Amino acid sequence: MNESIKGRVRTYVVRLDEQMNGGIPHGHVVLISGNPGTYKSSFAYNVLYHNAKEQNKRGLYISFQQSRESLEDQFTSLNIPYEDVEERITIVDVGYLRQTTKPHPEDWIDVFKRYVDNIRATSHYDLLVVDSLTTLEIISQVDDKRETLFHLFEWLRGFKNLTSLLIVERPFKEEIMYEEEFLADGIIYLSKERVGRMDTQRFLSIDKMRATKHNTSYFTLIFNEGRFQVTRVLRE
Ligand SMILES: Nc1ncnc2c1ncn2[C@@H]1O[C@H](COP(=O)(O)OP(=O)(O)O)[C@@H](O)[C@H]1O
Ligand SMILES: [Mg+2]
């Protein structure tokens, strides 16, 4: 599990990296998009966790809504505990900043950028998770979403060798495309569906990955013994 594919960030999801030339290209801005409870936060953190453990990569996880404690509880329950990687991963919970500072709403993207700049001034990071871009957009109350996100994504791409995973919360049953989906370099879409009358099943698809020949099929996503795994869906 130790080998790294040059120029790619492995997800360490069993069978997923080989579906996209070995992983996410370095420097990409990738959306982890899905409905509530589809493992978005866990999936993104799982990428940081395994990259920290297997390749000593450093990760920065910025949360705008869920507290650090609640995230850590979730990760411990999934058997990917934060204490294993706390020297290489920083989880910052910006929630308290939201309560203590009240900048003009439109300043939140600037607050975020200053925050990232300050943290990066003291330490190098290879991977960034923003949980979630949707919350950042809401609290920023941006007028021209396409323009603002274009500049935000370009700013992220400007960091040498920083790969960004931005979580996007999608309401249930919405098929429309969002501005960020046109602007991002990649989209990993997580979903869950009713199967029969009693069960739900979780799915993953790579909807977009620039510079990569990738599989666009639906995969089932399961979490088993500390690992996410995908399996090709066999239908009809
Ligand atoms: N120990 C566990 N093993 C497997 N799945 C779990 C475990 N604990 C919680 N979950 C699942 O994880 C989900 C939450 O994952 P999370 O990453 O927070 O989702 P999201 O960020 O998409 O809302 C819960 O809805 C639950 O189904
Ligand atoms: Mg979440």
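Analyst: Let's start at Q141, which comes directly after helix α5 and has a positive phi, near 45°. Keep in mind that this is a predicted model, so every value here is computed from predicted coordinates.

Stepping back into the helix itself, α5 covers residues 133-140, and seven of those eight residues are buried, so the helix is largely enclosed by the rest of the structure. The buried set reads L133, T134, T135, L136, E137, I139 and S140. Notice that E137 is among them, along with T134, T135 and S140. As a reminder of helix geometry, an α-helix has 3.6 residues a turn, so residues three or four places apart point the same way.

How does that sit within the chain as a whole? Of its 236 residues, 39% count as buried. The protein chain holds seven helices and 11 strands. A compact globule with 236 residues would have a radius of gyration near 18 Å, and the protein chain has 17 Å, which agrees. Along its principal axes, the C-alpha trace spans about 55 × 40 × 35 Å. Among contacts between residues at least 6 apart in sequence, 69% join residues at least 24 apart.

V47 is buried because 26 other C-beta atoms lie within 10 Å, where 20 or more are needed. Setting aside neighbours within four places in sequence, V47 is in contact with T11, Y12, L127 and L165. V230, in turn, is 183 residues from V47 in sequence, and the two are 14 Å apart in space, C-alpha to C-alpha.

Helix α1 also brings us to ligand 1. The residues around this ligand are G34, P36, G37, T38, Y39, K40, S41, S42, Q74, S77, L78 and F223. Two elements give two or more residues to that shell, namely α1 (40-55) and α2 (68-77). The greatest share comes from α1, with three residues. Sorted by class, the shell has four nonpolar, seven polar and one charged residues.

Technical notes:
Residues are numbered from 1 along each chain as its sequence is written. Chains are lettered from A and ligands numbered from 1 in the order in which they are written. This is a predicted model: local features need pLDDT of at least 70, side-chain atom pairs count only at pLDDT 80 or more; totals for chains, interfaces and linings use all residues. A residue is near a molecule or strand if its C-beta atom, placed from the backbone, lies within 6 Å of it. Helices (H or I, at least four residues) and strands (E, at least two) are DSSP runs, numbered from the N terminus. Ala, Val, Leu, Ile, Met, Phe, Trp, Tyr, Cys and Pro count as nonpolar, Asp, Glu, Lys and Arg as charged, and the others, Gly among them, as polar. The radius of gyration is taken over C-alpha atoms; the globule rule is 2.2 Å times the number of residues to the power 0.38. A residue is buried if 20 or more other C-beta atoms lie within 10 Å of its own, exposed if 12 or fewer, and partly exposed in between; C-beta atoms are placed from the backbone. Two residues are in contact if their C-beta atoms, placed from the backbone, lie within 7 Å.
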